[in-house]
Amino acid sequence: MSSLFGNILKGWTDYTKGIEEGGHHEYEHMWGMVIDLDKCTGCNACSVACYAENNIATVGEEKYVARQSMQWLRVERYFDEPDIDPGAIDDENAMQERGASFLPMMCQQCNAATCEPVCPVAATYHTPDGLNAQIYNRCIGSRYCANNCPYRLRVFNFYSYTDENGAWPEPMKQQLNPDISVREKGVMEKCTFCIQRINAAKDKAKMENRQVTEGEVKTACQQTCPTQAIMFGDLLNPESKVTQAWVRQQIKLGKYKQDRENPTLRGYRIFEELNTDPSVLYLERVREE
Amino acid sequence: MNQSKLDRRQFLKGLGLGGAGVALAGCDLPSYVTLEQGEENVISYLAPNEYVIPGVGVWYASTCVGCSAGCGIHGRVREGRVLKLEGNPDSGVNMGRLCQMGQAALQHHFNPDRIANPMVRKNGALVEASWDEAIALINEKSKSGKAAWVTGTISGHQRVMAQTHLGAIGGSRHYAVEQINANVWKTACKDIINDPNPEIHLEKAKVIFSLGADFLGTFISPVHFAASYAEFRTPPRGTLIQAEPAMSLTGGNADHWVGIKPGSETALALGVANALMNNHGVAGNGISNATKTLINKHDPETVAGICAVPVGRIEKIAASLAANSPSLVLAGGSATGNANGYSAAAAALMLNQMLGNIGTTITAGRELAYPQLDLVEGNSANLKDLAIDANEGKIDVLFVSGANPLFLAPKSLKMLEGWNKVGFKVVLSSMLDETAEAADVVLPLASSLEDWGSHIPSYAKGTRNLALQQPLMEPVFPNTRGFGDVVLALAKDAGAPGLDDYDDYYGYLRSAISALKKTDSEKEWNGFLMAGQTQIPSLGRKLSYSDGKITPTMNDSDDGNLTLIASARMGMWDGRGANLPWLQESPDQISKVVWDSWAELHPKTAKSLGIKDGDYINIKSASGEVTTRAFIYKGIHPGAIAVPIGRGHSALGRYAKDNGVNPLSILNGASDSKTGEIATTATKVSVKSAGKNKQMAKLMEIDRQHGRKLVATISADKQRRTEGGA
């Protein structure tokens, strides 16, 4: 009982502090990512690794056309080179003079997430790790969150995929990862930064009475990336590679406009101007002129 | 249905790990602790065996057999099931990384369409039979007649076993069949620089000029090359120039993508050589006078006409190569997929010689000291030979495993007619593919995650390793058997000498590797298994250079038809990925289409044919036709139409069957004049609208960013200014 009482007191303290300081979070960790678009080859290994790790259902052609696919991590592909070749892309008779542009997009784990305040049942919330999380058992399927996500990175279970005609006919079910749930019809889901791996590492660190160390948690997409274009780590740990990359790129959390000493650095956050405060930093792609 | 039969004691016994301390020998990574720890009571076994802590995953090392690269893998095993594959960080092939096919190997293993029991053809239909019945039938039928084996790329002790069996039944020919290969490049390397498998150092190059070689997707060892590519892109950053008629994954990452007329790659290489010699003072040491004469005939203006590439771009390529040393020139994929493919590879090596790359970015590889274990690399010339020999009645008994000749062979080869002339066909397979469906006996194989094996990776830098494959779990389908076990039993029955001491393939493998490593210690054996590999002796090779024969002539008739490019993709690969839903739903890297085939067309061509995006189009060659939907974009030459390989199965399983089309089936009989490789970019087709349209299932409905800062791009000069390294 005493711990419950303690939690209530602590919650109240945090709450008042939040009012005073404006959006203050007392984070234990602040998981963040850095994706180097110049290294990304668009090979899609990350996306398939994500299906394997996170029990994501395949939906088939018909539902894919209806935009009901369940992928948490998609690799977008564009054919324009707006910053280097203005104009060339409009000539219908020309051929492509450069390759394509690839963009791995997973939940940006916004710190001012637009999906959170609209949930009528508080199924989507912010964890003390700085993650934007989804409580499946609480979700009623209003889909307000998905409508409000500027990145279109939330996916909804329009159907149940667990029966024999679903995504995992026997014996495929045996592959399902027991560390996380299989979501049912009517539930919203999204990238979690592999929260099961984070929690496993935190549990282990706690048992050994130490902090989670740099590199101890690897997300499935980061682990498999053939070019190691994805970096992941704790932004509260000043030693971590992601923190160093954010500092090097002069990108700060909590801003919708960065005023950098060196504006030619490659780092940027997608749709930062919407004040979503995303935790994923992208490094601009580089091409020879 | 199988869960009740999972028995860990038997599994461990099968592993040969009887003693206490060694049962978790494969576990060398920190294990996971689950969220539900302490709460999870319902697991696969009410009384778990002594070494398994419920809810804790352990990792076992093995080898991926998705392609012949031989990447090392770690499989996460929990409650007796393998749940996830990751790369083995100790493997020199993939350094802990995996491609999407490696990730999806789990779905092959747990596939609902796997063959559960042996089958024997009775009254024209395949019916389930016992192993004893099937083996007895094989032993009876293979006593007489000319026997042959068909496999994919095969190496290590499986190769020894298959060839021992072939010898014991008096057979002669082993056809190693592989549609996606680098045979032309490797043959040219062997002839010209005296090393079929040189080390290729992408990371040392300042410029890579690739003639169709899709080294990030389908060329030799894609994950390894992707890792080298990442180093190549680290400041000071290298430039990638890709020339090909239809955009590959590597082309999609090019700084400069040069869309050229199919089959004109050799001419482009000669044009670049001409500009190098005449405009940039490159001497051309070691290039023969005959070749120099040929180069002199190919000034950039002439070449521009042949390739449909502007003169300025040819000169720009030459300037870039001349200014940045060392560079690297590669040839593969579409460049080597025509009747003159060998010339393209020879011309690429000639450029490397001119630019002084041989010895810097292309260095000598190492040769195995045990050639009997080395790779028998599959190619499509063997597919052609197989069709011819079968049709000529040279084969009476045929054993097939790891290859699907009835799917891969173009109709023009008359493979099915030849197949039907073979008296007795045995297929060893885990899936009922086109070839297995037409067999007389089908033996159900264990999946790659349930089997023992040893493999030689198709590409290695530095020392050579034998990659080890071990079972990660007990068979999902209990009546399946390992490839090695089946072939060992067949070889013993056929009276092959020296195999009597071995009860199973594990015993054979263990004793062979112990002999190889000159150690019988249990501890060291477990060490090999934990590492997933063991080093074996190899000998250095030495590079030399002598010009290859370059013949730039194109057999191109301007008949108004389009050139069909049967393009290779990482994903479906040669069709083996088609029954894995993860790969079916993984968007193609360039077109972003899922769950179906598509035909790539240039907007100009589409307009002239009256075709819109998503229209069904009819693609007709002299030997057949296919109908699929059009995908219109500018990453293809207007004179070409590209259809990816891999879909269009009439068998294989629920996800693959009747999904998409197979462009290989309508290829004409052309092949590379030197190596005999089936030409994948040399078939003329007529294309017309089939009058229907349906929205394609694809990830991207737009190709432009419309001014939003999604993928931002900066120039390399700007990067060099801010990040240095120049």
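**Where the chains meet**

Mentor: Val286(A) has Ile714(B), in strand E29(B), as its bridge partner; please keep in mind throughout that this is a predicted model.

Trainee: Which strands do those two belong to, and how many bridges join them?

Mentor: Strand E11 of chain A, residues 285–287, is joined by three bridges to strand E29 of chain B, residues 713–715, and the two strands run parallel.

Trainee: And how many residues does each chain put into the contact?

Mentor: Chain B contributes 79 residues and chain A contributes 73. On the side of chain B that touches chain A, the residues divide into 39 nonpolar, 22 polar and 18 charged.

Trainee: Switching to chain B by itself, how many helices and strands does it have?

Mentor: Chain B has 22 helices and 29 strands. Its radius of gyration is 26 Å, close to the 27 Å that the globule rule gives for 726 residues, so chain B is as compact as a globular protein of that length. Taken along the principal axes, its C-alpha atoms fill a box of roughly 75 × 60 × 55 Å.

Trainee: What share of chain B is buried?

Mentor: Of the 726 residues in chain B, 61% are buried. As for its contacts with a separation of 6 or more, 76% are between residues 24 or more positions apart.

Trainee: What are those figures for chain A?

Mentor: In chain A, 47% of the 289 residues count as buried, and 63% of the contacts between residues at least 6 apart in sequence join residues at least 24 apart. The secondary structure of chain A comes to seven helices and 11 strands.

Trainee: Can we look at one helix up close? Which residues of H10 in chain B are buried?

Mentor: In helix H10 of chain B, which spans residues 300–307, the buried residues are Pro300(B), Val303(B), Ile306(B) and Cys307(B). These residues cover an arc of only 115 degrees around the axis, which puts them on the same side of H10(B).

Trainee: Why would residues a few places apart point the same way?

Mentor: An α-helix has 3.6 residues a turn, so residues three or four places apart point the same way.

Trainee: What covers the buried residues of H10(B)?

Mentor: The cover includes two helices of chain B, namely H8, residues 265–279, and H11, residues 311–323.

Trainee: And what follows H10(B)?

Mentor: H10(B) is followed by Ala308(B), which has a positive phi, near 60 degrees.

Key: Residues are numbered from 1 along each chain as its sequence is written. Chains are lettered from A and ligands numbered from 1 in the order in which they are written. This is a predicted model: local features need pLDDT of at least 70, side-chain atom pairs count only at pLDDT 80 or more; totals for chains, interfaces and linings use all residues. Helices (H or I, at least four residues) and strands (E, at least two) are DSSP runs, numbered from the N terminus. The radius of gyration is taken over C-alpha atoms; the globule rule is 2.2 Å times the number of residues to the power 0.38. A residue is buried if 20 or more other C-beta atoms lie within 10 Å of its own, exposed if 12 or fewer, and partly exposed in between; C-beta atoms are placed from the backbone. Two residues are in contact if their C-beta atoms, placed from the backbone, lie within 7 Å. Ala, Val, Leu, Ile, Met, Phe, Trp, Tyr, Cys and Pro count as nonpolar, Asp, Glu, Lys and Arg as charged, and the others, Gly among them, as polar. Two strands pair if DSSP finds at least two bridges between them. The arc is that of the directions from the helix axis to the C-beta atoms.
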